[in-house]
Amino acid sequence: MSSTWAVCKREFKAYFLTPIGYVVVGLIAIIAGMSFSISFITHADITQNPSLYSYTAVPDFEETFLSPYLVFCGTLIMFLTPLITMRLLAEERNRGTIEFLLTQPLRDREIIFGKFLAALGMLGTMLLVVVVNLFIMGYFVRVEPPVLIFGLLTVFLMGASCISLGLFVSSVTKTQIMSGTVTFGVTLILFILGNLGEDMPEANPAPEGWPGTLRSVIGIFYTLARGLIVELPVDAHAREMALGIVQPVDIAYYVLFSAFFIFLTFRALESRNWRG
Amino acid sequence: MIAVEGLTKYYGPIAAVEDLSFQVDQGEIVGFLGPNGAGKSTTMRILTAFAPATRGEARIAGFEVHQDPLEVKRRIGYLPERVPLYEEMVVTSFLRYVAELKGVPRAQRTTEVGEALERCGLSHMANRLIANLSKGYKQRVGLAQALIGSPPVLILDEPTVGLDPAQIVEIRQMIKGLRDKHTVLISTHILPEVAMLCERAIIINQGRIVAEDKMENLTKGGGGESLEEIFMRVVSSDRADTATVKKGATA
């Protein structure tokens, strides 16, 4: 346990001993801050004169501002996590410090969870920056606490899932650049597919005239593929949850997503014991 | 303290180490000699439970490296060939981190780190960024790192590489001082160093042991040959036989 903490501490400090921590926090402060100001002011305009924006009444604050904003922050963090995770294990391998780390009296889980926790610490730091914006908002508006709490939880879970993905990629790559690029690529592809998938019709795409068995086989595969494309992206489960509508399936998705990639990271690190 | 039995390591079809067997007793300083690519670093990596062996077993203080890697790692201090350092850290904070990983109790960490700094002549560099140190000083930090927690077994892969002559003398003195308290296995290809430091030498070539004996026996047995002459003889005769077969084996 204390070794996990030691690894975590060193890793977290390293973010701020190198420029990367400042870059990430700076980026999130600028982007989340700007979008906050712009959409907050827009929302204020709408409440002043709803009919001008083709609303019949003053729109619900949580629904039109708070939860979309939090989902936006989550997506932003999702695309910034490669910067956090790329160095975790790839850098150790590149510098040769992996030889140092793996010959210390450490269990694999102490290394992996230490690094995972450090990345979660960075995620926490990024969330703190977002929370500063929310404090300003709290000064003007009263919000429903569940929306706020579950909104922030959503952002955290999104970030944690991406971190576990990034940690795994980092464990199988040799350089930071490779690790960061692959993580970013996978995240981006999932994100784009997810957005496109929402336009896919639910009905079976096979033409009516085709034989029944073929149609049903195509139907099964199509439903499966569509389900994966729509449900797999990290941001797919965020929207409802950020509104305070919490379903066990969404939480389970994030937990399983993280657990799966942490499991793979363990296997990747262990592979040194049987690979030539 | 170190017992190796039939150790074999293949990288694909290439044998880096073949059927290696030797022993190092407690308190001994043993030199591990061989030309580049002889399998010295590979053996050391197996001994420190960093890389798996293809066959055979290695025990450190009675613990098999593959079965009890954690117990083995608790008992060794290892200086790899490529000195692994977190360049963004300051020397002391790096050493404190090592102390923490090695499970040195909190109260003793400061003295432990201070001692390691002192022994490796790093006290005046304690607050420097590792990235800004010269090669020789980085090498010393690597050495200090291995000494932290005073592990009973020290495995040092070319500890004097990159040091200036004065530093080499200092580090040798320091290693000599480790005798009795620690068991030390040093790999090197600087022969006079072995003659000065070690009680016993193991010479390997092409992954096999070609000579192993106490220093005085090695030099006496060959009819007054120097270590250099012995080294050249065993290495070149072996090279002629097997060079074509195992060419390209990496260290």
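This is a predicted model: local features need pLDDT of at least 70, side-chain atom pairs count only at pLDDT 80 or more; totals for chains, interfaces and linings use all residues.

How many residues does the contact take from chain B, and how many from chain A? From there, please turn to helix α5 (residues 135-147) of chain B and describe its surroundings closely.

Reply: The contact between the chains takes 23 residues from chain B and 20 residues from chain A. On the side of chain B that touches chain A, β1 (2-11), α2 (69-74) and α3 (91-101) of chain B each supply at least two residues. By class, that side of chain B has 14 nonpolar, three polar and six charged residues.

The setting of the helix is chain B itself, in which there are nine helices and 10 strands. Its radius of gyration is 18 Å, close to the 18 Å that the globule rule gives for 251 residues, so chain B is as compact as a globular protein of that length. Along the principal axes, the C-alpha atoms of chain B fill a box of roughly 55 × 40 × 30 Å. Of the 251 residues in chain B, 47% are buried. Among contacts in chain B between residues at least 6 apart in sequence, 68% join residues at least 24 apart.

Chain B is divided into domain 1 (1-75 + 152-251) and domain 2 (82-150). Taken over C-alpha atoms, the centres of domain 1 and domain 2 of chain B are separated by 25 Å. Their contact takes 11 residues from domain 1 of chain B and eight residues from domain 2 of chain B. On the domain 1 side, the elements that give two or more residues are β7 (153-157) and α6 (165-177) of chain B. The largest share of that side, four residues, comes from α6(B). The residues on the domain 1 side divide into seven nonpolar, two polar and two charged.

Now to the helix itself. At 1.5 Å a residue, the 13 residues of α5(B) should span 18 Å, and the end C-alpha atoms are 19 Å apart, which agrees. Of these 13 residues, 10 are buried, so α5(B) is largely enclosed by the rest of the structure. The buried residues are B:Tyr137, B:Gln139, B:Arg140, B:Val141, B:Gly142, B:Leu143, B:Ala144, B:Gln145, B:Ala146 and B:Leu147. What covers them includes β6 (76-79), α3, α4 (106-119), β7 and α6 of chain B. Among these covering elements, β7 and α6 of chain B are also the elements that give two or more residues to the side of domain 1 of chain B that touches domain 2 of chain B. Another covering element, α3 of chain B, is one of those that supply at least two residues of the side of chain B that touches chain A. After the helix comes B:Gly149, whose phi is positive, near 85 degrees.

In the largest nonpolar core, which has 140 residues, B:Ala144 is one of the three that touch the most other members, together with A:Ile77 and A:Ala119. Domain 1 and domain 2 of chain B both give residues to this core, so the core lies between them. In soluble globular proteins, nonpolar side chains tend to be buried together.

Notes:
Residues are numbered from 1 along each chain as its sequence is written. Chains are lettered from A and ligands numbered from 1 in the order in which they are written. The radius of gyration is taken over C-alpha atoms; the globule rule is 2.2 Å times the number of residues to the power 0.38. A residue is buried if 20 or more other C-beta atoms lie within 10 Å of its own, exposed if 12 or fewer, and partly exposed in between; C-beta atoms are placed from the backbone. Two residues are in contact if their C-beta atoms, placed from the backbone, lie within 7 Å. A nonpolar core is a set of buried Ala, Val, Leu, Ile, Met, Phe, Trp, Tyr and Cys residues joined through C-beta atoms within 7 Å. Domain bounds come from an automatic or database domain assignment. Ala, Val, Leu, Ile, Met, Phe, Trp, Tyr, Cys and Pro count as nonpolar, Asp, Glu, Lys and Arg as charged, and the others, Gly among them, as polar. The expected span of a helix is 1.5 Å times one less than its number of residues.
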